[in-house]
Amino acid sequence: MNWFKKKTILDNAIDNRDMAVRQMVRALSGAVGSSSDALAKLVIWIEVDSEQYDPMKYAWADDRFLKDLRYALDNALLSSVGADSIDLKFATAVDIDRSAVWPVVENAMYYSWGGEKEVKPQPTGSTVKIALTEGTGSLQQKEYILDPQKNLFHIGRGAVASRDGVIRRNDIVIRDDETDESLKKLNGCVSGSHADIIVRSGRFYLRASPGGCRGQGGASTKIIHGEDVEELTDVSVLHPLSDGDFIQLGKTVTLEFWLSKE
């Protein structure tokens with residue numbers, strides 16, 4: 001049963017408010033210790049049953065909820081989350097863009113980040129590829145073409161990785177069977193669960209996995225765009241990728257993200 005949508009929310013507003021705060025802190029725990037500006041504007045989406053919804057059914061989602069959430073985030077070392085603002089938005093299921101929000105409780109509560117950078121959709125008639133910068137390590141394949149039908153690509157060392165009991169198959173594989181000692185050393189700085197490329201509405205983003213986030217005890221992950229270098233210091237934010245960007249994994253292996261005309 002959805003604990004947000006019980007029969008008489010008036011009698012459960014306090015319990016639901018407390019539960020909502022705990023669920024939000026849990027969902028955002030991957031940003032512990034991060035100081036990224038991308039976390040500064042938090043938007044919380046509350047799914048309502050209709051455009052003419054009864055506000056009393058959602059009495060827990062109020063100013064007190066925001067105050068309690070702010071206190072809980074600070075206590076959980078998540079002070080950078082919502083540092084500038086925390087906004088509540090109420091919308092029906094149809095009006096919530098699932099490609100632009102993160103679920104906290106399915107069909108009830110989601111979050112997104114305000115002021116995220118806009119990324120141009122993949123140009124029609126182009127192919128998205130990932131290749132290795134020569135001399136920085138070795139890939140299982142010479143290059144990877146990202147299937148436009150998929151929306152998630154795991155990056156890591158080895159075809160299969162395990163972390164904290166979770167097993168995943170990597171789509172972009174840094175070799176874990178390299179025989180050349182110099183390349184093997186470079187590859188060794190990359191985690192088995194290092195980062196993900198995520199596709200939303202034709203736009204491409206990079207997200208650090210715990211193994212590729214120093215704030216989570218992993219290695220570093222950086223995006224190099226021209227002269228700008230951005231380290232991914234959290235696992236809760238999507239960082240936009242542009243044609244020609246470099247993705248640096250563990251200070252050694254460097255991948256290039258690029259578009260080529262078909």
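Tutor: The description below takes the sheet, then the helix, then a second sheet and the cysteines.

This is a predicted model, in which local features need pLDDT of at least 70 and side-chain atom pairs count only at pLDDT 80 or more, while totals for chains, interfaces and linings use all residues. Residues are numbered from 1 along each chain as its sequence is written, and side-chain values use heavy atoms, with hydrogens and water left out.

Four strands form an open sheet in the order β2-β1-β4-β3, and the pairing is mixed. Strands here are DSSP runs of E of at least two residues, and helices are runs of H or I of at least four, both numbered from the N terminus; two strands pair if DSSP finds at least two bridges between them. Because β2 (85-92) and β3 (102-105) each have a single partner strand, they stand at the edges, and one side of each is left without a neighbour in the sheet. From one strand to the next, the twist averages 30°. Angles run from 0 to 180 degrees between N-to-C directions, with axes fitted as lines to C-alpha atoms, for helices over the stretch in contact.

Within this sheet, β1 (residues 41-48) and β4 (residues 109-113) are antiparallel partners joined over five bridges. Ile44 stands opposite Tyr111 in β4.

Helix α2 lies across β1, β2 and β4 and runs at about 130° to β2; contact means heavy atoms within 4.5 Å. Arg64 belongs to α2, which covers residues 63-75. Arg64 counts as partly exposed because its relative accessibility is 47%, where buried means under 20% relative accessible area, exposed over 50%, and partly exposed in between (1.4 Å probe, protein chains only). Arg64 and Ile14 are 50 residues apart in sequence, yet their C-alpha atoms are 9.8 Å apart in space.

A further open sheet has five strands in the order β10-β7-β11-β12-β15, again with mixed pairing. Its edge strands, β10 (172-174) and β15 (239-240), each pair on one side only. Strand β12 (residues 203-208) meets β15 in the antiparallel sense over two bridges, and Leu206 stands opposite His239 in β15.

As to the cysteines, Cys213 is buried, since its relative accessible area is 1%, whereas Cys189 counts as partly exposed at 32% relative accessibility. The count of disulfides is zero, a disulfide being a pair of cysteine sulfur atoms within 2.5 Å.
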